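Q: Could you take me through this model feature by feature, giving the general idea before the particular case?

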Amino acid sequence: MVAVSGSLSVLLDSIVCALGPLACLTSQLPELNGCPKHVLSNTLDNIAYIMPGL
């Protein structure tokens, strides 16, 4: 059970670290720009707070 819990934590951290910057990249394309800039900036700040070492 410990290995499953640890691997799930790593998987979720990896997903957050991958999807946050990808969401910010959508601001570069007008067709995909669905989020205000302050929301994207806040998202990256939160990810940097959760994941030290970024």
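The dialogue below goes from the whole chain to single residues.

Q: Before reading any values, what kind of model is this, and how are residues numbered?
A: This is a predicted model, in which local features need pLDDT of at least 70 and side-chain atom pairs count only at pLDDT 80 or more, while totals for chains, interfaces and linings use all residues. Residues are numbered from 1 along each chain as its sequence is written, and side-chain values use heavy atoms, with hydrogens and water left out.

Q: How many helices and strands does the protein chain have?
A: Helices (H or I, at least four residues) and strands (E, at least two) are DSSP runs, numbered from the N terminus. The protein chain here has 2 helices and 0 strands; helix α1 covers residues 2-25, and helix α2 covers residues 37-50.

Q: What share of the residues in the protein chain is buried?
A: Buried means under 20% relative accessible area, exposed means over 50%, and partly exposed lies in between, using a 1.4 Å probe and protein chains only. Of the 54 residues in the protein chain, 9% are buried. Accessible areas come from the Shrake-Rupley method with a 1.4 Å probe, and for residues only the protein chains shown count as cover; the protein chain exposes about 4300 Å², of which carbon and sulfur atoms supply 70%.

Q: Why does valine 16 count as partly exposed, and which residues does valine 16 touch?
A: Valine 16, which is in helix α1, counts as partly exposed because its relative accessibility is 37%. Contact means heavy atoms within 4.5 Å, and, not counting residues up to four places away in sequence, valine 16 touches Pro21 and Ile47. Valine 16 and isoleucine 47 are 31 residues apart in sequence, yet their C-alpha atoms are 7.2 Å apart in space.

Q: Which other pairs are separated along the chain, and what are their C-alpha distances?
A: Cysteine 17, also in helix α1 and partly exposed at 22%, has its C-alpha 6.8 Å from that of isoleucine 47, 30 residues apart along the chain.
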